[in-house]
Amino acid sequence: TMTIFFAAIFALIASIVPEIISSIENILNNMQSYFDNIQHFVENKFEKLKNANPEIKKFIYDQMDTIESVALSMANSLQPQLENLFSKGGLLANLTGSALSFISGVKDFLIGAIVSVYLLFSKELFTAQAKKVVYAFFSEQKSSKILSFSRDANEKFISFLSGKALDSFIIGMICFVAMNVLDLPYIVLISVIVGVTNMIPFFGPIIGAVPSALLILLSNPSKTVAFIIMIIILQQLDGNVIGPKILGNQLGMNAFWILFSIVIGGGLFGFVGMILAVPCFAVIYPMFKETVNSRLVKKQLSANTNDYFTEEKNIIVKDKKNKSK
């Protein structure tokens, strides 16, 4: 497992990272020409509109000049740093300047790798010992619930993360092929952005599409519409065909609660929280639902949600045999 993992990481770094660095350098070097292309594109559009309002034209040009000055100043400040970082002596200088943090990072990585090997090698033993501890400190009924909850959490996390990773990889590859066919710029960089952000439900396609569309707008404005149409088709394909085939309906949650979990997870833990929040909530949601239903049954109240669509008290049926929906 570790050999395959490190081989995959090395292959990704060797094949993708140089392309991404080259694309970023190209963006910074050609920033001025990109804004010139956009300005010419806008001017041509206004020339076709004979009755265009001069004030609107002036406002758009002023805003473009402001954005251009800010973007160029950022590019001018980032370019020397990027060149220095990946130059022959620059990387060594940066590592020497932050030697303590570099050594600390290497130490954490090595400790993590060693611990992961031990965990993988003894995972069956650790699972058996965990069960033994649970049965020692809890009653048999509570132990069964705890272990059932643990198995459910394990299955949902594995199925969601592995399925979403496979889904995102497929989307990234389809994006790569489609961009080659359409002859769009920054193929590798944008395909990686689209694939990685696709790991986030709901917001992922938007997060990946917006900066990618801006990159294409800077380099070749005439092809921006083609890229947006391609992304819409790609996400429809993912949402209606590829995603359901790979993931199915494993979460068993309403779309609102998925959206709710992403917002909370992203607000608390950033990008990682947006990914992990969905399987976490998928584990908590049925447990909370079961607790609510069991308390209702103990009070001899209906556990059927349909009985609560009205405020009339006589709709709440007192029946211990009611089953939740």
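Helix α1 gives the nonpolar surface patch its largest share, 6 residues. Helices here are DSSP runs of H or I with at least four residues, numbered from the N terminus. Before we go on, note that this is a predicted model, in which local features need pLDDT of at least 70, side-chain atom pairs count only at pLDDT 80 or more, and totals for chains, interfaces and linings use all residues. Residues are numbered from 1 along each chain as its sequence is written, and side-chain values use heavy atoms, with hydrogens and water left out.

Let us stay with the patch. It covers about 770 Å² and is made by Phe 5, Phe 6, Ile 9, Leu 12, Ile 13, Val 17, Val 106, Phe 109 and Leu 110. Leu 12, which sits in α1, counts as partly exposed because its relative accessibility is 45%; buried means under 20%, exposed over 50%, and partly exposed in between, with a 1.4 Å probe and protein chains only.

Now look inside. The largest nonpolar core has 23 residues, and Ile 27, Met 179, Tyr 186, Ile 190, Val 194 and Phe 227 have the most contacts within it. At least two of its residues come from each of α1, α2 (31–48), α7 (140–182), α8 (187–197), α9 (204–219) and α10. Such a core joins buried Ala, Val, Leu, Ile, Met, Phe, Trp, Tyr and Cys residues through side-chain atoms within 4.5 Å. Another core, of 8 residues, lies apart from it and includes Ile 200 and Met 274.

Is Gln 235 buried or exposed? This residue of α10 (224–247) has 15% relative accessibility, so it counts as buried. Beyond its neighbours within four places in sequence, Gln 235 is in contact (heavy atoms within 4.5 Å) with Ile 171, Val 194, Asn 198 and Pro 205.

Finally, the aromatic rings: the structure holds 9 aromatic pairs, meaning rings of Phe, Tyr and Trp (its six-membered ring) with centres within 6.5 Å; planes under 30 degrees apart are stacked, over 60 edge-to-face, and the rest tilted. Phe 5 and Phe 6 are edge-to-face because their ring centres are 5.3 Å apart and their planes at 70 degrees. Trp 257 and Tyr 285, at 6.4 Å and 45 degrees, form a tilted pair.

How values were computed: Patches are made of residues with over 30% relative accessible area and no salt bridge: like charges are joined within 9 Å, nonpolar side chains (Val, Leu, Ile, Met, Phe, Trp, Tyr) within 5 Å. Accessible areas come from the Shrake-Rupley method with a 1.4 Å probe; for residues, only the protein chains shown count as cover. A salt bridge is a side-chain nitrogen of Lys or Arg within 4 Å of a carboxyl oxygen of Asp or Glu.
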